[in-house]
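Subject: Structure handover

Hi,

My notes on the findings follow below it.

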Amino acid sequence: MKTEPVVFAVHDTYHIMVPVTTESMMWVKIGEKEYYDESNGIMRSRTRIHRMIVPRKELNEAKSYTICEEEIVERKAYYTETGEITETTFAFRPVKNGPVRCYHISDTHNKSVEPVQAAKTYGEIDFLIMNGDIPDSSDKIEYFDTIYEIAAGVTHGQIPVVFARGNHDLRGLCAEMIADYTPNENGLTYYSFRIGDIWGIALDCAEDKDDTSVEYGHTVRCHAFRERQTAFIKRVIADKEYLEPGVKRRIVVVHNPFTMRHKGIFDIETETYSEWARLLKEHIKPDVMICGHMHYLDIHMPGCEQDNLGQPCPVIVGATVKYKEPYFAGAGIEFGEDEVVVSFTDNEGATLGVHTIKL
Ligand SMILES: [Fe+2]
């Protein structure tokens, strides 16, 4: 194992993901049951990362899981040689109902030490949100390691992580493979999730300029991708999953605060984003939308200067970074009974502001 496992919340499952340094096969034991990293019955070993998908309820009840790794000496068509099986057990603390605390990290742009320190400044948390642009680009497979170094550093595989993709994640030679290295639902980078009594939806605005931008050289087709997400949001509304018994709060996690219009070449998709905002506002009625992308720390309240396309709720913009200095700040978010308290903290131990959003 290259890092401790990371337990991502995806729909009604957890994706337990573990980056590895050598070829191995992997599975996870929860109580009596085993869940394998396999492809149509074949145990996967030609990979730098393992993914075991487990039912949320089962891990929540068991409160621990055991990662089993079997080394591959030589994989052959017949009589594959394998080495030892190692077993490592991790405690797991599912998110409780009632008041909970999480930390939001995005836009770390390759930094892996400072974001963990900034989360420590905030203190104990129940879950972590990773909201895009964690590596500066997806140019090399090893760049995805930053995601796991931060997630393992903060959670040690013991609490859940919510993940959403950022615009920089679409760039580079390995960008087309990012879904293999991150949580996704059947290959899709947008999905719903459930954390205690919080129901959430992770959305993906993808690139931040038009598909025709010369910067991309014809390598993206994000407009069609966003249209499929409009259909996804409509399906979620039809299913009414967010009204399930036990759901007390609803959140949106998305890298780009898409309800504000950006300037110049970044002013795109106003029609699509207005439609997303309308659907969220009229049907899902989220408590807060949690974003990064802007490299500043702020709360955009409905009707404010940045509310250009009809915010469905308050928008927390919660991360900033200094590229050339060892500096990162993120957002601690406490979900109370009738308020959300946001504390912006940095890696130098400072709390930069505390804001209470009344629900
Ligand atoms: Fe960024």
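**Second largest cavity**

K2, P19, V20, R48, I49, I141, F144, D145, Y148 and Y181 line the second largest cavity. On a 1 Å grid over the protein atoms alone, a cavity is a set of points where a 1.4 Å probe fits but cannot get out, and lining residues have an atom within 4 Å of a point. The volume here is about 60 Å³. Grid points are joined across faces, edges and corners, and a volume is the space filled by probe spheres set on the points. The lining has 7 nonpolar, no polar and 3 charged residues. Ala, Val, Leu, Ile, Met, Phe, Trp, Tyr, Cys and Pro count as nonpolar, Asp, Glu, Lys and Arg as charged, and the others, Gly among them, as polar. Domain 1 (16-91) and domain 2 (100-358) each give this lining at least three residues. The domain bounds come from an automatic or database domain assignment.

**Ground rules**

This is a predicted model, where local features need pLDDT of at least 70, side-chain atom pairs count only at pLDDT 80 or more, and totals for chains, interfaces and linings use all residues. Residues are numbered from 1 along each chain as its sequence is written, and side-chain values use heavy atoms, with hydrogens and water left out.

**Other cavities and pockets**

The structure holds 3 cavities of 30 Å³ or more. The largest cavity has about 80 Å³ of space. Its lining includes D208, R261, H262 and Y273. By class, that lining splits into 6 nonpolar, 3 polar and 2 charged residues.

A pocket is an open set of points with protein on both sides within 12 Å along at least five of seven lines. The largest pocket holds about 430 Å³. Its lining counts 19 residues, and L170, A175, E176, T219 and V220 lie nearest the centre. Two helices, α4 (178-181) and α5 (222-239), each supply at least two lining residues. Helices (H or I, at least four residues) and strands (E, at least two) are DSSP runs, numbered from the N terminus. α5 gives the most, with 3 residues. The lining has 9 nonpolar, 4 polar and 6 charged residues.

The second largest pocket has about 330 Å³ of space. Of its 18 lining residues, H15, R51, I53, N184 and N186 are the closest to its centre. β2 (13-19), β7 (49-55) and α4 each supply at least two. β7 gives the most, with 3 residues. The classes are 5 nonpolar, 6 polar and 7 charged. Where does this pocket lie relative to domain 1 and domain 2? Both domains give residues to its lining, so the second largest pocket lies between them.

**Iron site**

D107 (OD), H109 (NE2), D133 (OD) and H295 (NE2) coordinate the iron ion at 2.0 to 2.6 Å. Donors are N, O and S atoms within 2.8 Å of the metal (3.2 Å for Na, K and Ca); water is not among the atoms, so sites may look incomplete. The arrangement is irregular, because the 4 donor atoms subtend angles of 85 to 175°. Four donors count as tetrahedral if all angles lie between 85 and 135 degrees; four count as square planar and six as octahedral if opposite donors are over 155 degrees apart and all others between 65 and 115; anything else is irregular.

The donor spacing in sequence is D-x1-H-x23-D-x161-H. H109 sits in the loop between β10 (100-105) and α2 (113-122), and D133 in the loop between β11 (127-131) and α3 (145-155), 24 residues apart. H109 is buried, at 6% relative accessible area. D133 is buried too, at 1%. Buried means under 20% relative accessible area, exposed over 50%, partly exposed in between (1.4 Å probe, protein chains only).

**Burial and backbone**

α3 is largely enclosed by the rest of the structure, because 9 of its 11 residues are buried. Among them are D145 and Y148. Just after α3, H156 takes a positive phi of about 50°.

Y79 has a positive phi near 55°. Y79 lies in the loop between β8 (64-74) and β9 (81-91) and is exposed, at 75%. N110 has a positive phi of about 90°. N110 lies in the loop between β10 and α2 and is partly exposed, at 40%.

G200 is in strand β14 (residues 198-203) and is buried, at 0%. G200 and R250 are 50 residues apart in sequence, yet 5.5 Å apart in space, C-alpha to C-alpha.

Best wishes
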